Protein chains: 2
Amino acid sequence: MNIALVGCGTVGSGVVRILQTSTESIRQRTGRSIQLRHVVVQNPGKPRNVDLSGIAVSDDIQSVLSDPQIQVVIHVVGGISPAREDVIRLLNSGKDVITANKALLYAHGEELFALAGKLNRTICFEAAVAGGIPIISAVNTALTANRIISIEAILNGTSNFILTRMLDLRQTYDDVLKEAQTRGYAEADPMMDVDGTDAAQKLSILTWLAWGTWVRLEDIVRQGIQQIELLDLLVAQELGYRVKLLAISHLANGRLEVSVQPTLVRSGRAVAMTNGADNIVSIEGDAVGLVRISGAGAGQMPTASAVIADLIDYATGRAAITFQSILRQQAMPPVSLQPQEELSRRYYLRFTVADRPHVLADIADILGRHEISISSVRQDETEDIDDESGVARLVIMTHRTTEGRLRNADTEIAALSSIRGDRIRMPIAD
Amino acid sequence: MNIALVGCGTVGSGVVRILQTSTESIRQRTGRSIQLRHVVVQNPGKPRNVDLSGIAVSDDIQSVLSDPQIQVVIHVVGGISPAREDVIRLLNSGKDVITANKALLYAHGEELFALAGKLNRTICFEAAVAGGIPIISAVNTALTANRIISIEAILNGTSNFILTRMLDLRQTYDDVLKEAQTRGYAEADPMMDVDGTDAAQKLSILTWLAWGTWVRLEDIVRQGIQQIELLDLLVAQELGYRVKLLAISHLANGRLEVSVQPTLVRSGRAVAMTNGADNIVSIEGDAVGLVRISGAGAGQMPTASAVIADLIDYATGRAAITFQSILRQQAMPPVSLQPQEELSRRYYLRFTVADRPHVLADIADILGRHEISISSVRQDETEDIDDESGVARLVIMTHRTTEGRLRNADTEIAALSSIRGDRIRMPIAD
């Protein structure tokens, strides 16, 4: 079987390495020998830390499109363009595609899967969500006997690394982010990771697989971790919780509630104990109950491991069957979304306020008028007071209330003259 | 597609229930409609809590064997006989088989898989190990790009329930076992669960899949939890560990070390946090790193969920491909076993001793002569002293040493006149 690789960066060179070191075990698994014939990269002259001798290296995907012997193409290039155009051209040329590009599938999955279905081609995408964790395969094959009730997951390793490290080292968000960038755990521009976009895109793909609904970013209650302070993590810990950037889709009264938010999770739970750059996906099925899968959600070799698993699945013929099954299942009516305002949870609220009289009364009054019931309040004497002006941090835990009420209350609270800086709102998942 | 069910006990009736409630989603997944034509049970007249109307119920498997329209048979009967004879007859009659019987696969898997291979038939067995946790599928498909380095697992829910409950409620082994039996978590005769046999059988199947080696019970360093006292759990907890009945296979210098023992696991680790009747399997692959999968390892619906996942896999044609791939992969040379005596770990040792002079010196002397180095000793003043005679509990933590040295030392220690009752030996997995 002849294959091509488009993109030979971090993941691509990991793929080449496994192909070269595991030739014999791949042959045993698949019963076929696999030949990497083409590598397409932007700069063919650039020295690589993998051996590409004997492979045609080019900067033009046309070399792949016009080679009739290529059946399947591993496409590991990030971004939307030209990835989308590449995949469309590959499918139209009769090639099957293995991709690790979650942003592409989020933005154009519907179009690409439909095109592949029409052309009777296959798209494999295990590596697109949660790297080495076999979550796509779990949803598509192992848990097929179940009606999925909920997905609760840590899908962004950078955010999880930052939150873990802040608490472990008692450091600020900015200090840890700098360390993460130095160590290569965070991009130079980490916005998509820390604002929840990356996790939301992955959650959208999982939600589509589980319930047939393509959820758009704007339909997801989404908050990032940029405003989280060490104080929030410490208070949460004292109350018996860990703060995690949790991606949740779950069925409530026949509708889907979808959110990506820093969330207080009970300390003993597996999700709370998932630390560092690890990811975890916890799926509840009506028959199986809770199944949790965790591991490295990103990184060269874990992602390459998922790509090669797809390749082996493809070479045996399983992948084509699974893809047809996905397309058939998507013909079922999709589940509709719960409006964001109606999501109902308990909340942790934290305000930075001027340390002067009547501040708490003002905030409590606004919450009360919006029918948000307070379960506990905490404002410690603190040495952590800014130099220029006395500010204090006020933490309020609420009883169950709706996202809509909180948003309305927050607009009023933001307008109070005593409010300084960010207002933090985190749901509580017991 | 026409199918038959042999056995309609707990798991079997769960299978019938999913078949009846998920007819439409199974049809979407597989593109076929599945018809349950035969149910074979010991007592066809017995009232069932599932609706078998329209299905031929019989006490003779011959009705299945002689029906040429039956392609695949779900065989959910425990024990070795007549299960082995049934499966052989089914395969010989051209039927494929889905089984949940780990004891059967442990004892006769080699024979049955070879027979199926020869006859070009398929055996599916996701439900045989760890119930609803898709671990067979993970090893056979999702992690295929990896050379497996280690498997570390909690594979027996009954033992894990007992150990969790003892610590949570500060109760004795006997009290918790009685509760577990009352609540149906433990069998009337729980020996196979608590002595490690059940976990060892499941570990043997996983070890075969990962490394092609069929490990026999007698080749596994195996200890049960029956002698564990609450004191052991409390001391371990104070030292920062949880005690888990851990099933481990791992490669060390090209050889497999295989053991099932109560083990001290660092408190923060996912394995240590797996409580109650849950199972967890943690697999280390050379590319993917650690992947952990946890969930309900037994129970009616989780096990039925795994059986139906196999059925869906079978109906789509994936299962046959996977089974051929397993057989091909097993043609690779198996990995040889490390002799039990050479397993090298740190250990927790606990002795119940007469509370009189020179006891510690005697034990320390024996350990020293066997070159077992002590890292810490602990003998608390305790109120937990038997009425008739003063006994004390002595806990010794060792530096890294071998199973062989410990066994030799233990023989000598057992002969000391100061030793009372059980001697506990638990490895430490950091």
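In this predicted model, the residue of chain A that comes closest to the rotation axis is A:I293, whose C-alpha lies at 2.2 Å. Chain A can be laid on chain B by a turn of 180 degrees and a shift of 0.0 Å along that axis, with an RMSD of 0.0 Å, and that is the relation of a two-fold axis. Because 100% of the interface residues of chain A are also interface residues in chain B, the copies meet through the same surface.

Some values for the chain are set out below.

| Property of chain A | Value |
|---|---|
| Span of the C-alpha trace along the principal axes | about 75 × 45 × 35 Å |

Buried residues make up 51% of chain A, and among its contacts between residues at least 6 apart in sequence, 75% join residues at least 24 apart.

The largest nonpolar core has 272 residues, and those with the most contacts inside it are A:V15, A:V307, B:V15 and B:V307. Leaving aside neighbours within four places in sequence, B:V15 is in contact with residues including B:L5, B:I74 and B:V307.

One helix of chain A, α10 (residues 197–211), should span 21 Å at 1.5 Å a residue, which agrees with the 20 Å between its end C-alpha atoms. Since 14 of its 15 residues are buried, α10(A) is largely enclosed by the rest of the structure; the helix is followed by A:G212, whose phi is positive, near 75 degrees.

Technical notes: Residues are numbered from 1 along each chain as its sequence is written. Chains are lettered from A and ligands numbered from 1 in the order in which they are written. This is a predicted model: local features need pLDDT of at least 70, side-chain atom pairs count only at pLDDT 80 or more; totals for chains, interfaces and linings use all residues. Helices (H or I, at least four residues) and strands (E, at least two) are DSSP runs, numbered from the N terminus. The expected span of a helix is 1.5 Å times one less than its number of residues. A residue is buried if 20 or more other C-beta atoms lie within 10 Å of its own, exposed if 12 or fewer, and partly exposed in between; C-beta atoms are placed from the backbone. A nonpolar core is a set of buried Ala, Val, Leu, Ile, Met, Phe, Trp, Tyr and Cys residues joined through C-beta atoms within 7 Å. Two residues are in contact if their C-beta atoms, placed from the backbone, lie within 7 Å. Copies are superposed by least squares on the C-alpha atoms of residues with pLDDT of at least 70 in both.
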